[in-house]
Amino acid sequence: MLMLLRKSVTLKIFVQELSALKLFKQFTIIVFLSFLGEVLHALIPFPIPASIYGIILLFFLLERKALRIDDVREVSDFLIFIMPLLFIPPAVGLIDVWDELRTSLTAYVTIIIVVTLIVMVSTGRITQWFLQNQKEKET
């Protein structure tokens, strides 16, 4: 009985270590792609943020099946879960400069609404285009 209990505890520790290593591997993949995005940003003279290069690399690897979704799933779910916390420092910064923002608030709100509508419409159109092309390829 003691032997089975010892094996069970050892197995739980092994599974926890395996889980920690899996999360470390997933996080390392995401950080490495972010680093490659920084390198591309330094090498390519376009005004595109380095994070966008990293996301494009991640998309390319997932699309070409060089990287499986399971290789980054848990860490990406975690990062999405904590995303609201990442907006707190910029919000505090806005509070610090509220007096300066108040004079142009109408212009900022108008721009935000217009750009949001443009993004929503263009995303919908692009998604519809991809879905139509996918249906045509299947038939």
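Trainee: Where does Asp71 lie?
Mentor: Helices here are DSSP runs of H or I, at least four residues long, numbered from the N terminus. Asp71 sits in the loop between α2 and α3.

Mentor: A word on the source. This is a predicted model, where local features need pLDDT of at least 70, side-chain atom pairs count only at pLDDT 80 or more, and totals for chains, interfaces and linings use all residues. Residues are numbered from 1 along each chain as its sequence is written, and side-chain values use heavy atoms, leaving out hydrogens and water.

Trainee: Is Asp71 buried or exposed?
Mentor: Buried means under 20% relative accessible area, exposed over 50%, partly exposed in between (1.4 Å probe, protein chains only). Asp71 has a relative accessible area of 12%, so Asp71 is buried.

Trainee: Which residues does Asp71 touch?
Mentor: Contact means heavy atoms within 4.5 Å. Leave out residues up to four places away in sequence, and Asp71 touches Lys25, Gln26 and Ile29.

Trainee: How many aromatic pairs does the count come to?
Mentor: Rings of Phe, Tyr and Trp (its six-membered ring) pair if their centres lie within 6.5 Å. By this rule, the count is 1 aromatic pair.

Trainee: Why is the pair of Trp129 and Phe130 called edge-to-face?
Mentor: Planes under 30 degrees apart count as stacked, over 60 as edge-to-face and the rest as tilted. The ring centres of Trp129 and Phe130 are 5.1 Å apart, and the pair is edge-to-face because their planes stand at 70°.

Trainee: What is the relative accessible area of Trp129?
Mentor: Trp129 is partly exposed. Its relative accessible area is 47%.

Terms used. Helix = DSSP H or I, 4+ residues; strand = E, 2+ residues; numbered from the N terminus.
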